[in-house]
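This briefing accompanies the structure shown below.

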Amino acid sequence: MEAPLNDVTVIVLAAGGGTRMRSKTMKVLHPIGGRSMIGHVLAAVGALEPRQVVAVVGHQREQVGPHITSIHPSAVLAVQEEQHGTGHAVRVAVDALVAAQARPQGTVLVAYGDTPLLSGESLRRFAADHEAAQRAVSILSGLVPDPFGYGRVVRDALGDVVAVVEEKDATPEQREIGEINSGIMAFDGDFLVEALPRLRNDNAKGEYYLTDLVQIARDGGMMVGAYAIDDVRQTEGANDRVQLAALGRELNRRIVERWMREGVTVMDPETTWIDADVMLEPDVTILPGTQLLGATVVAEDAVVGPDTTLKDCEVGTGARVVRTHGELAVVGAGATVGPFSYLRPGSRLGVEAKVGAFVETKNAVLGDGAKVPHLSYVGDAEIGEGTNIGAGTIFANYDGVAKHRTTVGRHARTGSNNTFVAPVSIGDGAATGGGTVVRGDVPAGALAVSAGPLRVIEGWARQRRAGTAQAEAAEAARPEEP
């Protein structure tokens with residue numbers, strides 16, 4: 001069991017403009033793997049069980065602030081009106097905490113809102129290492145083959161960290177260093193509060209660097225160190241949509257591989273996309289071209305795909321969903337859906353129910369064993385246990401002003417090409433004839449038909465379509481007269 005961490009405060013920096021995204025949406029709000037980028041970061045920092053989370057917002061804070069508090073309602077929002085570097089941002093956060101009478105104590109961890117691959121496990125290890133070493137400052141570092149653009153972690157001959165030097169301020173020798181600063185740092189809370197006002201901006205960018213606290217700590221005889229993360233990709237940020245897509249692919253690869261190791265069969269990982277909040281049970285099979293989005297849950301032995309998209313859906317044990325689009329729908333155990341079906345919000349299929357080819361359902365409940373096999377629209381309806389709906393049936397739920405509901409009882413049998421003009425009720429065990437338009441209630445066990453008697457007009461093609469291929473075919477098919 002992991003040792004509990006001391007009192008932890010987390011500061012998440014999310015004030016940057018993200019201009020390279022070229023978007024009206026703030027950078028940290030761009031979605032990836034079913035969450036915003038900052039949503040992934042807040043999920044990761046939750047593993048630290050922090051006493052307090054403070055988010056520094058600036059650009060488009062009217063978007064960012066409400067989004068953060070919707071995820072973490074107790075988060076403190078600190079507004080950085082002008083961006084003057086990471087040191088300035090953290091000072092804004094600390095000032096907001098002090099003003100809220102929540103002066104940071106213990107460990108203060110600083111993270112960034114655009115690092116969606118970051119895991120809670122990595123943050124816990126970093127914080128635990130910082131506390132065990134009793135450092136004033138800890139840097140989450142990593143070894144990379146191409147360190148261009150990153151701050152370099154400078155060590156002395158004994159391997160002790162002596163500085164973090166930004167790219168623009170580094171000497172040619174320092175630029176050859178492969179150990180980089182991820183930007184994620186941990187501090188002793190008392191040291192941080194005391195040292196932040198001592199930062200200066202005499203550097204190439206004219207900014208207040210948070211990493212300058214390394215030198216301040218060393219000058220005060222305090223411990224400074226770096227914890228090298230094995231998986232340095234977790235610290236990568238996204239500054240434009242190209243980088244966002246690359247992180248999205250990597251995040252999806254990790255999610256898919258995790259589920260495969262948990263006992264899920266994924267036939268083609270390259271074409272399968274699974275959001276971070278999806279839950280899958282062992283022995284689920286996912287076929288190529290499938291997207292499982294939002295809070296979708298799939299139970300054991302179910303098969304989903306190929307070419308299927310489910311968002312916020314529940315799929316029961318042993319169900320089969322093929323070439324289907326579904327949202328906010330429930331598919332019962334052993335039920336079958338597809339191919340080419342559309343389950344709209346409010347669709348609920350009972351045990352071993354069936355929604356077949358080219359069927360659309362909306363706000364519809366199918367009882368256990370009920371079937372809508374072909375070419376139908378079922379909206380605002382309840383279909384009883386064991387009932388079969390004939391091909392080409394329309395549940396006409398809208399009268400031009402309001403929606404109305406249709407109820408079909410247990411073990412009913414409705415004919416093909418029916419229209420149920422809601423609101424109507426079809427009783428248990430009732431039946432309807434082919435082509436019937438049902439405008440009123442049908443009692444239990446009754447048969448409803450609306451078509452008139454069949455009329456057959458002999459010779460119609462010869463008389464009304466003379467000279468056409470139709471008339472010629474009809475003439476050729478006439479029996480020879482004796």
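This is a predicted model: local features need pLDDT of at least 70, side-chain atom pairs count only at pLDDT 80 or more; totals for chains, interfaces and linings use all residues.

How many bridges join β33 to strand β36? Two bridges join them, and the two strands run parallel.

**A sheet of three strands**
- Strands β33, β36 and β38 form an open sheet in the order β33-β36-β38, with parallel pairing.
- The edges are taken by β33 (413-414) and β38 (447-448); each has a single partner strand, so one side of each is left without a neighbour in the sheet.
- Strand β36 covers residues 431-432, and T432 in β36 is the bridge partner of T414.

**Strand β30 and its partners**
- Strand β30 spans residues 377-383 and is mostly covered, with six of its seven residues buried.
- Strand β28 (residues 360-366) pairs with β30 in the parallel sense over six bridges.
- Within that pairing, E360 has Y377 in β30 as its bridge partner.
- Strand β32 (residues 406-408) is also parallel to β30, and three bridges join the two.
- T407 in β32 stands opposite E382.

**Annotated positions**
- The UniProt annotation "active site", from an unreviewed entry, covers H374.
- H374 belongs to strand β29, which comprises residues 371-374.
- With a relative accessible area of 39%, H374 is partly exposed, because that class lies between the 20% limit for buried and the 50% limit for exposed residues.
- Not counting residues up to four places away in sequence, H374 touches A357, V359, A391 and G392.
- An unreviewed UniProt entry also lists residues 10-158 as "domain: MobA-like NTP transferase".
- The span of residues 10-158 is 32% helix and 25% strand, and its end C-alpha atoms lie 31 Å apart.

**K371 in strand β29**
- K371 also lies in strand β29 and is partly exposed, at a relative accessible area of 34%.
- The contacts of K371 are K354, T387, N388 and I389, when residues up to four places away in sequence are not counted.
- K371 and C313 are 58 residues apart along the chain, and a distance of 20 Å separates their C-alpha atoms.

**A nonpolar surface patch**
- F340, F358 and L375 make a nonpolar surface patch of about 340 Å².
- L375 is placed in the loop between β29 and β30.
- The relative accessible area of L375 is 55%, so L375 counts as exposed, the class for values over 50%.

**Salt bridges around helix α7**
- The whole structure holds 23 salt bridges.
- R254 and D231 form a salt bridge in which the closest N and O atoms are 2.5 Å apart. This pair links distant parts of the chain, 23 residues apart: R254 is in helix α7 (residues 241-261), while D231 is in the loop between β11 (224-228) and α7.
- Both partners are partly exposed, R254 at 22% relative accessibility and D231 at 25%.
- In the salt bridge between R233 and E250, the closest N and O atoms are 3.4 Å apart. R233 lies in the loop between β11 and α7 and E250 in helix α7, so the pair ties together parts that are 17 residues apart in sequence.
- R233 is partly exposed, with a relative accessibility of 29%, whereas E250 is buried, with a relative accessible area of 8%.
- A salt bridge also joins the side chains of E257 and R253, at 3.0 Å from N to O. These residues are four apart in helix α7, so about one helical turn separates them.
- E257, at 29% relative accessible area, is partly exposed, and R253, at 37%, is likewise partly exposed.

Key: Residues are numbered from 1 along each chain as its sequence is written. Side-chain values use heavy atoms; hydrogens and water are left out. UniProt positions are given in the numbering used here, feature names are shortened, and annotations may be inferred rather than shown by experiment. Buried means under 20% relative accessible area, exposed over 50%, partly exposed in between (1.4 Å probe, protein chains only). Contact means heavy atoms within 4.5 Å. Two strands pair if DSSP finds at least two bridges between them. Patches are made of residues with over 30% relative accessible area and no salt bridge: like charges are joined within 9 Å, nonpolar side chains (Val, Leu, Ile, Met, Phe, Trp, Tyr) within 5 Å. Accessible areas come from the Shrake-Rupley method with a 1.4 Å probe; for residues, only the protein chains shown count as cover. A salt bridge is a side-chain nitrogen of Lys or Arg within 4 Å of a carboxyl oxygen of Asp or Glu.
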